[in-house]
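User: Hey, I'm new to this one. Could you walk me through it?

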Amino acid sequence: MTEVTKTELTEDGKVIRKVRSFVRREGRLTKGQEQALNESWPTMGIDFDATELDWQQVFGNDNPVVLEIGFGMGASLVEMAKNAPEKNFVGIEVHTPGVGACLMAAREAGVTNLRVMCHDAVEVFEQMLPKESLDTVQLFFPDPWHKKRHHKRRIVQLPFAEMVRDKLKMGGVFHMATDWENYAEHMIEVMEAAPHYQNTAKEGYYVPRPEERPLTKFEQRGQRLGHGVWDIKYTRTA
Ligand SMILES: C[S@@+](CC[C@H](N)C(=O)[O-])C[C@H]1O[C@@H](n2cnc3c(N)ncnc32)[C@H](O)[C@@H]1O
């Protein structure tokens, strides 16, 4: 439980403290995760580097790209990639054992349309993603940061919503899901304030649980605890 803020210097030497949406908890890699990282990273891993990616080069095709932020252990991301071979999937997760677990699952499932990154998604968005290049951005069960004084750490904030829109294609979808009602309300508040987005729900703000979203580990835990789940989808309109 160490890194919650990051200190950076502006060009004129002023210190800025960046609030991050996660606390780094390295944890140990299992043998299987370590092996999967060693063996699969060269083909499925993308290193962080402040250069813009070219999806055609990354995947060798022009299929639509679905990007997931904070995939945890990656089980649901791998399942989605397996179920939709006509699409490309990219997952970003800061927790290394999670990335290892995802690569293990990917190898087991034999998916080839998935790439992973192990870095802060905010920095990847800022520095590596081409504008208007993503069909879908998905954010499932992001850390809710329950306490009011921690709400500033929630990843969904106005500048973040605007950055996601910038990377979505016209008509592309930003799909969020949470089992924390207060975070769902916060997401709606932010998204309604963000320009050029339209909520896709037929009634109210929430959509029924979409079939394409497999049950995630966090959702299963939430179900056991009797939590509700809120799915929210916005499309880019301009
Ligand atoms: C509550 S977990 C949910 C994991 C998974 N989506 C699920 O439903 O099982 C949130 C995950 O987001 C990751 N995360 C938080 N902020 C992130 C960021 N800025 N970039 C990448 N991953 C992040 C955390 O490491 C954690 O694994």
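Analyst: One term to start: buried means under 20% relative accessible area, exposed means over 50%, and partly exposed is in between, with a 1.4 Å probe and protein chains only as cover. This is a predicted model, where local features need pLDDT of at least 70, side-chain atom pairs count only at pLDDT 80 or more, and totals for chains, interfaces and linings use all residues. Residues are numbered from 1 along each chain as its sequence is written, and side-chain values use heavy atoms, leaving out hydrogens and water.

User: Is E132 buried, exposed or partly exposed?

Analyst: E132 counts as partly exposed because its relative accessibility is 43%. E132 also has a positive phi of about 45°, although it is not a glycine.

User: Where does E132 lie?

Analyst: In the loop between α5 and β6. Helices (H or I, at least four residues) and strands (E, at least two) are DSSP runs, numbered from the N terminus.

User: And what about helix α5, how many of its residues are buried?

Analyst: Six of the eight residues in α5 (residues 121-128) are buried, so the helix is largely enclosed by the rest of the structure. Among them are V122, F125 and M128.

User: Which strands does β6 pair with?

Analyst: Strand β3 (residues 65-69) runs parallel to β6, with four bridges joining them. β6 also pairs in the parallel sense with β7 (residues 168-178), over six bridges. Two strands pair if DSSP finds at least two bridges between them. For instance, L67 has V137 in β6 as its bridge partner, and F140 has A177 in β7.

User: How does the chain cross from β6 to β7?

Analyst: Through helix α6 (residues 158-167), in a right-handed β-α-β crossover. Right-handed means that, with the strands pointing away from the viewer, the path from the first strand over the helix to the second runs clockwise.

User: Why is β6 described as largely enclosed?

Analyst: Because six of the seven residues of β6 (residues 134-140) are buried.

User: Switching topic: how many helices and strands are there in the chain?

Analyst: Eight helices and nine strands. Of the 238 residues, 49% count as buried.
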